[in-house]
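Subject: Structure handover

Hi,

Here is the structure I promised to pass on. My notes follow below it.

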Amino acid sequence: MKEDSNCLRERVLNLFKSSRGALTQKHFEKEFSDVSLTTILPILNALQKEGMLDVLVNTDRTLSWQLRDQDSTEKLKSLSDLEERLVYNAIRNAGEDAASLKLISSETKLPQNRIPRILKSLISKKMIKEVPMAVGHKQKVYLLMELEPSEKLAANTLFAGDSGVDAEFISILRTACLKYLQDKAISASHIADPLERRQASYVSCEEIHRFITNTKICTISCIFIFCDKQQS
């Protein structure tokens, strides 16, 4: 039985509202297995014409759709400088994954050496913010002021909202891990056999990772990466 178009429209809008970021064709095929994509496309086109959706072109030339934030749309209209509008829109399109200087340049066709001045202006207007990246990540990324980073991005950041690096959180995490190591050593000290005592006092990276995850100290998903360093 063919689904009523108004009902399908509500289902599409609810999917956008419950999802994070843009939706691709694969999302619709997965969530609407009972409806063909050719039935959904006219609804997406109508929502775009109504100014409710943005259509994005992915790097593989496929399309994705993103629910347009009305607040950011009004902010975009308030910008009189064309280049600022282009840069702001590129960052908005990147959503919670944020936009790098390279991506902004690619989206706007502006030379990279001109973009930092525009970014500084948008930051001063409190329209965007720079996301502080973790050590080892040289490239800066930028996010709309009202957005929080995606889980994927947050895993590579030391994000703490407008204040930048969260020194307090790092201090809490360090103290908790130190206490865990000390408790492990105290527990091992009661073992009579010296070899067993020494072995019991050791804590692996996997155990510390499990401790942080189980105690919910960090609410962002932590990914454990094993680094095998071999000396030549």
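D183 and K179 form a salt bridge through their side chains, with N and O 2.9 Å apart. This is a predicted model, so treat what follows as a reading of a prediction. Both residues sit in helix α9, residues 167-188. They are four residues apart, so about one helical turn separates them. D183 is partly exposed, at 35% relative accessibility. K179 is also partly exposed, with a relative accessible area of 45%.

A search of the whole structure gives six salt bridges. Two others deserve a look.

One joins E207 to K184, with the closest N and O atoms 3.6 Å apart. This pair links distant parts of the chain: E207 belongs to helix α11 and K184 to helix α9, 23 residues apart. K184 is partly exposed, at 25% relative accessibility.

The other joins E83 to R117, where the closest N and O atoms are 3.4 Å apart. E83 lies in helix α5 (residues 82-94) and R117 in helix α7, so the pair ties together parts that are 34 residues apart in sequence. R117 counts as exposed, at 53%. There is also a network here: salt bridges link E83, R114 and R117.

Y202 is in the loop between α10 (194-201) and α11 (205-215). Y202 itself is partly exposed, with a relative accessible area of 46%.

None of its eight residues is buried, so α10 lies largely in the open. At its start, a side-chain oxygen of D193 comes to within 3.0 Å of the backbone nitrogen of L195.

Next, the sheet.

Three strands form an open sheet in the order β4-β6-β5, with antiparallel pairing. β4 (99-100) and β5 are the edge strands, each pairing on one side only. β5 and β6 (residues 141-144) run antiparallel and are joined by four bridges. In that pairing, I128 stands opposite L144 in β6.

Two backbone angles are worth checking on your side.

K109 is not a glycine, yet has a positive phi of about 65 degrees. K109 is in the loop between α6 (101-108) and α7 (115-124). It is exposed, with a relative accessible area of 68%. K126 is the other case: its phi is positive, near 60 degrees, and it is a residue other than glycine. K126 is in the loop between α7 and β5 (128-131). It is exposed too, at a relative accessible area of 61%.

On the surface, V55, V57 and L63 form a nonpolar patch. Together they have about 220 Å² of accessible area. V55 is in strand β2, residues 53-57. It is partly exposed, with a relative accessible area of 31%.

Last, the chain as a whole.

There are eleven helices and six strands. Of the 232 residues in the chain, 31% are buried. Of the contacts with a separation of 6 or more, 49% are between residues 24 or more positions apart. The chain exposes about 15700 Å², and carbon and sulfur atoms supply 53% of that.

Best wishes

Definitions and conventions: Residues numbered from 1 in each chain as written. Predicted model: local features only at pLDDT ≥ 70, side-chain atom pairs only at ≥ 80, totals over all residues. Heavy atoms only, no water. Buried < 20%, exposed > 50% of the residue type's maximum accessible area, 1.4 Å probe, protein only. Polar contact = N/O pair within 3.5 Å; in protein donor to acceptor, adjacent residues only side chain to side chain. Patch = residues over 30% accessible without salt bridge, like charges linked within 9 Å, V, L, I, M, F, W, Y side chains within 5 Å. Areas by Shrake-Rupley, 256 points an atom, 1.4 Å probe, with all protein chains shown as cover. Salt bridge = Lys/Arg side-chain N within 4 Å of Asp/Glu carboxyl O. Contact = heavy atoms within 4.5 Å. Pairing = 2+ DSSP bridges.
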